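This briefing covers a ligand site, a pocket and some backbone geometry. Please have the coordinates open while reading.

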Amino acid sequence: MVRYQAGLELPMVERGDGVYLWDTAGTRYLDGSSGAVVANIGHGRKEVAEAIARQVEKVAYVHRGAFTSEAGERLAARIASLAPASINHVYFASGGSEAVEAAIKFAIQYWSEVGRPTKCLVVSRWNSYHGGTLGALSATGHRVRRRNWERVLLPFPQVAPANPYRCACAADCPPCTLACADEFAAAIEAAGPENVAAVIAEPVVGAAGGAVVAPPGYFQRVRRICDQYDVLLIADEVMSGVGRCGGFLALEHWGVTADLVPMGKGLASGYAPLSATLIGDRVYRAIAEGSGNFSVGHTHSSNPMSMAAGLAVLDIMDREGLWEIAGPRGAHLLQGLQELAAEHPLVGEARGLGLLCGLELVSDRGTRTPFPAENEITARLVRNVARRGLLIYPANTDVNDAVLVAPPLVVQPDQVDQLLETLDAALADTESELDLD
Ligand code: PLP
């Protein structure tokens, strides 16, 4: 039996089509979070299945040290053409955590290649998620997910998150003074700039807070701080990239370019395990002209089958105009979520960027007080929503309850309305269980 939590009974999935999934008992679910914010182009796309089959018939696997492949070269060129002008090289792996690990290693290697080998620390933020492997987890600011491993994690410093709903930096916020961005400068000074390789941040915080969007000007200031202290910027776009927030990268909304960009999830939209680390020219040149050895890799790095899936997904993104759909479709979704927030005492805030939206759940909207963790409000809402045939994604931390609402980019306006109606009913179910109405 496949189990990742003792005693957890899950429905057995049968098939998917567009934004819907069916289990073997015949129940239909609207996939309101694209799984873990993965299925950007929707389920059951035959064109991707055929592209994968064609690649597997030719050759499914080669080791990246022995061969390159047409699928790999074409996918790297496509990604470079979509990325900012100063990013022209890509490293491929299977999952987001591997892509983040690679970004951290490339950053550390970069400083070593340019003769500054003490620069090894990565500064990140509390209430962030960068992955489950030990390096990525060391940069992750999610206390619950770190808890069992704290004693073996790397000593990476964490600073306050950029969260306008729960500003931890300035008592009188708003107006926002971007004190949260300045925390990076303080942390770099405290650690010594000679010891800091990179800053890592999600442009929109996903799994560790529920679609928390940094304030205007935040990433511009973070970029300036990185430049001032000679520190690389890693934008973790594993969840926010590939059209999810509109455009190829969410960081484009701040007009900022990072040095290294881990991506995953929507890149192959769940049709194959695929992730990528985009490498800026400055980092690429230093390593290429230095040792020449990009000393990161896994057995399935540059797997031809996964890259054929990625190419087919990008073809669909182009042909169906999905790069910019998250703007208008996300505005429709967010407006509906904000209307729910106005009606439901359980909802403290509705927020998001493009089709990466979330709800923060509170016990008191006036004081923004969260429920005690033992009430497991996030899990309760996710369960009640699923009972009504809608899937959303838990994004709670030790300091808040939150869910992600992020349907596939192919969601149609009437399906957004259906999602909102179901969520409305499930919020009411949850409030009556809690005696909140
Ligand atoms: N980075 C971000 C921003 C993520 O949201 C995630 C997963 O949710 C990861 C990294 C890790 O990706 P994976 O679970 O594919 O290893």
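Which polar side-chain atom lies 2.7 Å from a nitrogen atom of the ligand? That atom belongs to Asp236. The model is predicted, and the values below are computed from it.

**Ligand site**

- The residues around the ligand are Gly95, Gly96, Ser97, Tyr129, His130, Gly131, Glu202, Asp236, Val238, Met239 and Lys265.
- By class, this shell divides into three nonpolar, five polar and three charged residues.
- On its own the ligand has 390 Å² of accessible area, and the protein covers 82% of that.

**Second largest pocket**

- The second largest pocket holds about 500 Å³ of space.
- Its lining has 20 residues, and those closest to the centre are Arg64, Val90, Tyr91, Phe92 and Ser302.
- Helix H3 (70–82), strand S4 (87–93) and helix H10 (304–319) are the elements that give two or more residues to this lining.
- Strand S4 gives the most, with five residues.
- The lining residues divide into twelve nonpolar, six polar and two charged.

**Backbone geometry**

- Most residues other than glycine have a negative phi, and most peptide bonds are trans.
- The peptide bond that joins Pro174 and Pro175 is cis, with omega about 5°.
- Pro175 sits in the loop between strand S6 (158–159) and helix H7 (179–191).
- Asn127 is not a glycine, yet has a positive phi of about 55°.
- The loop between strand S5 (121–125) and helix H5 (134–139) contains Asn127.
- Asp435, also not a glycine, has a positive phi of about 60°.
- Asp435 is found in the segment after helix H13 (413–433).

- Is Asn127 buried or exposed? Asn127 counts as buried because its relative accessibility is 16%, under the 20% cut-off.
- Asp435 has a relative accessible area of 66%, over the 50% cut-off, so Asp435 is exposed.

Conventions. Residues are numbered from 1 along each chain as its sequence is written. This is a predicted model: local features need pLDDT of at least 70, side-chain atom pairs count only at pLDDT 80 or more; totals for chains, interfaces and linings use all residues. Side-chain values use heavy atoms; hydrogens and water are left out. On a 1 Å grid over the protein atoms alone, a cavity is a set of points where a 1.4 Å probe fits but cannot get out, and a pocket is an open set with protein on both sides within 12 Å along at least five of seven lines; lining residues have an atom within 4 Å of a point. Grid points are joined across faces, edges and corners, and a volume is the space filled by probe spheres set on the points. Helices (H or I, at least four residues) and strands (E, at least two) are DSSP runs, numbered from the N terminus. Ala, Val, Leu, Ile, Met, Phe, Trp, Tyr, Cys and Pro count as nonpolar, Asp, Glu, Lys and Arg as charged, and the others, Gly among them, as polar. Buried means under 20% relative accessible area, exposed over 50%, partly exposed in between (1.4 Å probe, protein chains only). A residue is near a molecule or strand if one of its heavy atoms lies within 4 Å of it. A polar contact is a pair of N or O atoms within 3.5 Å; within protein, one must be able to donate a hydrogen and the other to accept it, and residues adjacent in sequence count only if both atoms are side-chain atoms. Accessible areas come from the Shrake-Rupley method with a 1.4 Å probe; for residues, only the protein chains shown count as cover.
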